[in-house]
Amino acid sequence: MKILVLSDSHGQFSAMEDAVLRERPDYIFHLGDHQRDARKLGKRFPDYPVISVPGNCDLPLPTETLTVRQELGGVPMLLTHGHAYGVKSGLLRMELAAREAGVQVAAFGHTHVAYCRETDGLWLLNPGSIGYGGSYGVILIANGQAQCYTDHV
């Protein structure tokens, strides 16, 4: 299974389209900042389920939860924009929340800087900004295990 992870699209729809066409994922995660872009992407590509969370620029303030726990292919994941975890100041709060939730992948955005690291069975994945720089992340799932990486369109 392949999951395309996008964040911080900020209305730059064509880069999102390019990433979908390039990767042909089974699912798409959009981690906020312009969540309406995620809805538009779902209409453009109805065969790819889109799961999204709001970001700090998704005004008015969203009523949805800022963090979603999702499980696909036997892999538990935490999805969030990241601002509520202070990811611009460091990743400790994000990592602690992910470990407390018992997930294998914590996907977040907000910083606009791509980041991918695995430590002791936990992947921290920030796809960077698809809108400003064209970066995105990919989660590959096989046999209940995840592998992650980042790339650019």
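The buried residues of helix α1 are covered by elements including β1 (2–6), β2 (27–30), α2 (35–44), β9 (135–142) and β10 (145–152). Helices (H or I, at least four residues) and strands (E, at least two) are DSSP runs, numbered from the N terminus. This is a predicted model: local features need pLDDT of at least 70, side-chain atom pairs count only at pLDDT 80 or more, and totals for chains, interfaces and linings use all residues. Residues are numbered from 1 along each chain as its sequence is written, and side-chain values use heavy atoms, with hydrogens and water left out.

**Helix α1**

- Helix α1 spans residues 13–23. Its buried residues (under 20% relative accessible area; exposed is over 50%, partly exposed in between; 1.4 Å probe, protein chains only) are F13, A15, M16, E17, A19, V20 and E23.

**The five-stranded sheet**

- Five strands form an open sheet in the order β4-β5-β6-β8-β7, with mixed pairing. Two strands pair if DSSP finds at least two bridges between them.
- β4 and β7 (114–119) are the edge strands, and each pairs on one side only.
- From one strand to the next, the twist averages 15°. Axes here are lines fitted to C-alpha atoms, for helices over the stretch in contact, and angles run from 0 to 180 degrees between N-to-C directions.

**The β4–β5 hairpin**

- β4 pairs with β5 (residues 75–80) in the antiparallel sense, over six bridges.
- Two residues lie between the strands of this hairpin, and G73 in the turn has a positive phi of about 60°.
- T67 has T80 of β5 as its bridge partner. For Q70, the partner in β5 is M77.
- Side chains alternate along β4 (residues 67–72). V68, Q70 and L72 point to one face and are buried.

**Cysteines**

- The whole structure holds zero disulfides, a disulfide being a pair of cysteine sulfur atoms within 2.5 Å.
- C116 is in no disulfide; its nearest cysteine sulfur, that of C148, is 5.1 Å away. That separation is too far for a bond.
- C116 is partly exposed, at 29% relative accessible area. C148 is buried, at 8%.

**Q147 in strand β10**

- Q147 is found in strand β10.
- Leaving aside neighbours within four places in sequence, Q147 is in contact with W123, V138, I139 and L140. Contact means heavy atoms within 4.5 Å.
- Q147 and K88 are 59 residues apart along the chain, and their C-alpha atoms are separated by 24 Å.
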